Amino acid sequence: MSISCIHPVLSSNQIDNLFDVYQIDKSVEIALKLAVQHPKCLYLFMQRYTHFNGYAGSLVALLASSIGLSRHLFNSFSTPVVDEADRGLEIAAKVFAATIDEHSDKGARFVPHRTLAQATLKSIGDYAGLTVNERNTFSILPDWMREILDKTIQGYKGEPNNVIELIRAMGFHAASEMLANREYSIIDRVVRYDNRNRGFDTYLCQINGKVEVDQGQFSPWYWIVIHGKHQGVGVEDEHFQLALEALDLVAKYRPESHQQIQQWALQGFSEFVVIQQKLFQIISQECSDLLKVTA
């Protein structure tokens, strides 16, 4: 039986019906509209965002590893020989595909996405005229950010040989990919389109769209648009589709009901939504507070 014959565990339409996607997007947009009002606020926003996303590649790899180490949890029912029946690595491969891009971007001389994020952050720091000491002050993580990172790591990694925790983590992963696609698109729209020829968009033209980091010269905005873009899609959309395919394979190779697998996946999906919303709501408050100081 092919994946295409199975009713999907999760789909974009189901998610839209279950979650207030408009309000989720609104939290991101509110934070950005505050951030673009002052260069230091934009730096604050991007420092938080790049730091949070800097764990993505490693966490995806960790989840794929947890699934791969649990390969005998996922078996073909049509294959009676035990050593010929395990299919866990088929599922792990769907998840792992996302981390390949994160660790080696083929469109940017195979550097990690973390390098590209650092290029973005550096250019915004230059735009804001921040000193090294000022940038390092922004890098001191507040307790709330540490808490969010801890919860993200716990939600993402899964637990080898624990089918419930693995499926929850796969739902968590699916949410991360879906919402990231939307986040990057909103960032691209607010910073570069809604504020065309103003602020950071003007600065990018002044530096000819290039910034120098230790690994070479890169576009400061490539990290954004490779993931998601206004009126377009990036790799996050592909990663989201692969995450859904991974869940469909789980349904194919597990004895639990389709409904049960969906329930576990949605638990993880919901957990990530809560984390993501808290992230942007607190960033909004930080930007608002910083605007009062810089006024």
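1. In this predicted model, helix α3 contributes P39, K40, L42, Y43, M46, Q47, T50 and H51 to its contact with helix α7. The residues of α7 that meet them are R114, A117, T120, L121, I124, G125, Y127 and A128. Sorted by class, this contact holds 9 nonpolar, 5 polar and 2 charged residues.

2. As for the geometry of this pair, α3 spans residues 39–53 and α7 spans residues 113–128. Their axes come within 9 Å and cross at roughly 165 degrees. Angles over 145 degrees count as roughly antiparallel, and α3 and α7 are therefore roughly antiparallel to each other. The crossing is left-handed.

3. On the α4 side, the contact with α10 is made by V60, L63, S66 and I67. On the α10 side, L166, A169, M170, H173 and E177 take part. The class count for this contact is 6 nonpolar, 2 polar and 1 charged residues.

4. On confidence, the protein chain has an average pLDDT of 95, and 98% of the residues score at least 70. Residues 1–5 stay under 50 in pLDDT. For this stretch the model has 7 contacts beyond four places in sequence.

Conventions
Residues are numbered from 1 along each chain as its sequence is written. This is a predicted model: local features need pLDDT of at least 70, side-chain atom pairs count only at pLDDT 80 or more; totals for chains, interfaces and linings use all residues. Side-chain values use heavy atoms; hydrogens and water are left out. pLDDT is the predictor's confidence in each residue, from 0 to 100. Contact means heavy atoms within 4.5 Å. Helices (H or I, at least four residues) and strands (E, at least two) are DSSP runs, numbered from the N terminus. Ala, Val, Leu, Ile, Met, Phe, Trp, Tyr, Cys and Pro count as nonpolar, Asp, Glu, Lys and Arg as charged, and the others, Gly among them, as polar. Axes are lines fitted to C-alpha atoms, for helices over the stretch in contact, and angles run from 0 to 180 degrees between N-to-C directions. Angles under 35 degrees count as roughly parallel, over 145 as roughly antiparallel, 65 to 115 as roughly perpendicular and the rest as oblique. A crossing is left-handed if the near helix is turned anticlockwise from the far one by less than a right angle, and right-handed if clockwise.
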